[in-house]
Amino acid sequence: MKLITNPNKFFEELKQRDVKIKKKPLLTIVLPLAVILSTYQYLLMNKISQAFPKELAQFFMIGAYIGIIGSFIGMFAIWFVVAVI
């Protein structure tokens with residue numbers, strides 16, 4: 001209600017609070033999203049690599065594995081940046 005009646009005071013009080021990065025969202029939201037994203041990327045790259053010749057598909061899958069690891073780590077990086085902001 002304070003947000004509606006006196007928004008300046010509400011946001012001044014909000015600015016005074018300490019920023020805390022909590023572990024619970026990490027385990028309940030970010031980790032499952034990272035796993036789902038990595039799994040989806042693996043399945044997608046596996047299907048796309050089937051369209052290429054065998055020699056080229058092996059090279060393509062090496063890049064896909066690097067991308068899968070990067071997307072997994074990237075999900076945690078995005079969470080960290082958003083939590084800090």
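Why does leucine 56 count as partly exposed? The relative accessibility of leucine 56 is 43%, and the residue therefore counts as partly exposed; buried stands for under 20% relative accessible area, exposed for over 50%, and partly exposed for values in between, with a 1.4 Å probe and protein chains only.

The model is predicted: local features need pLDDT of at least 70, side-chain atom pairs count only at pLDDT 80 or more, and totals for chains, interfaces and linings use all residues. Residues are numbered from 1 along each chain as its sequence is written, and side-chain values use heavy atoms, with hydrogens and water left out. Mean pLDDT (the predictor's confidence in each residue, from 0 to 100) is 84 for the protein, with 95% of residues at 70 or more. Confidence is lowest in helix α1 (residues 2-5), where the mean is 82, and highest in α4, where the mean is 87.

The protein contains 4 helices and 0 strands, and the order along the sequence is α-α-α-α. Helices (H or I, at least four residues) and strands (E, at least two) are DSSP runs, numbered from the N terminus.

In overall dimensions, the C-alpha atoms occupy a box of roughly 65 × 20 × 20 Å along the principal axes. The radius of gyration is 21 Å, whereas a compact globule of 85 residues would have a value near 12 Å. This radius is taken over C-alpha atoms, and the globule rule is 2.2 Å times the number of residues to the power 0.38. Of the 85 residues, 14% count as buried.

Among contacts (heavy atoms within 4.5 Å) with a separation of 6 or more, 66% are between residues 24 or more positions apart. The mean positions of the 10 positive and 4 negative charges lie 8 Å apart. Lys and Arg count as positive and Asp and Glu as negative, while His and the chain ends are not counted; each charge is placed at NZ of Lys, CZ of Arg, CG of Asp or CD of Glu.

Individual residues were examined by helix. Phenylalanine 11 belongs to helix α2 (residues 7-16) and is partly exposed because its relative accessibility is 45%. Its C-alpha atom is 54 Å from that of glutamine 50, at a sequence distance of 39 residues. Serine 49 is in helix α3 (residues 24-49) and counts as buried because its relative accessibility is 5%. Leaving aside residues up to four places away in sequence, serine 49 touches Ala57, Phe60 and Met61.

Helix α4 (residues 54-84) includes leucine 56. The C-alpha atom of leucine 56 is separated by 61 Å from that of methionine 1, which is 55 residues away along the chain. Alanine 64 is also in helix α4; the residue is buried, since its relative accessible area is 4%. Between alanine 64 and isoleucine 78, 14 residues apart in sequence, the C-alpha to C-alpha distance is 20 Å. Alanine 83 likewise lies in helix α4 and is partly exposed because its relative accessibility is 25%. Alanine 83 and lysine 20 are 63 residues apart in sequence, with a C-alpha to C-alpha distance of 8.0 Å.
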